[in-house]
Amino acid sequence: MTRAYQEIYLSKVQQVLGDAFDYAVNACHIPGNDFVKLVL
């Protein structure tokens, strides 16, 4: 299967998304569901 990304980037992307989610929810007080909708 051909993917749109190389697997070597997967852990970094997971870390960055986790950091973004943490910042949005805890620092900016954006509800998690709203942040997910914004990202999608």
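This is a predicted model: local features need pLDDT of at least 70, side-chain atom pairs count only at pLDDT 80 or more; totals for chains, interfaces and linings use all residues.
**Entry 1: overall look**

How many of the 40 residues of the protein, as a percentage, count as buried? I looked it up: 5% of the 40 residues count as buried, where buried means under 20% relative accessible area, exposed means over 50% and partly exposed lies in between (1.4 Å probe, protein chains only).

Residues are numbered from 1 along each chain as its sequence is written, and side-chain values use heavy atoms, with hydrogens and water left out.

I found two helices and zero strands in the protein; these are DSSP runs numbered from the N terminus (helices: H or I, at least four residues; strands: E, at least two). Along its principal axes, the C-alpha trace spans about 40 × 15 × 10 Å.

**Entry 2: helix 1**

I checked the length of helix 1 next. Its 18 residues reach 25 Å from first C-alpha to last, close to the 26 Å expected at 1.5 Å a residue. The expected span is 1.5 Å times one less than the number of residues.

**Entry 3: how the helices meet**

The axes of helix 1 (residues 10-27) and helix 2 (residues 32-39) come within 9 Å and cross at roughly 130°. Axes here are lines fitted to C-alpha atoms over the stretch in contact, and angles run from 0 to 180 degrees between N-to-C directions.

So I wrote down helix 1 and helix 2 as oblique to each other: under 35 degrees is roughly parallel, over 145 roughly antiparallel, 65 to 115 roughly perpendicular, and the rest oblique.

Which residues make the contact? From helix 1 I listed Ala20, Phe21, Ala24 and Val25, and from helix 2 Gly32, Phe35 and Val36. Contact means heavy atoms within 4.5 Å.

**Entry 4: histidine 29**

Histidine 29 sits in the loop between helix 1 and helix 2. Is histidine 29 buried or exposed? It counts as exposed, because its relative accessibility is 64%.

I also saw that histidine 29 has a positive phi of about 60° although it is not a glycine. Its C-alpha atom and that of leucine 17, 12 residues apart along the chain, are separated by 16 Å.
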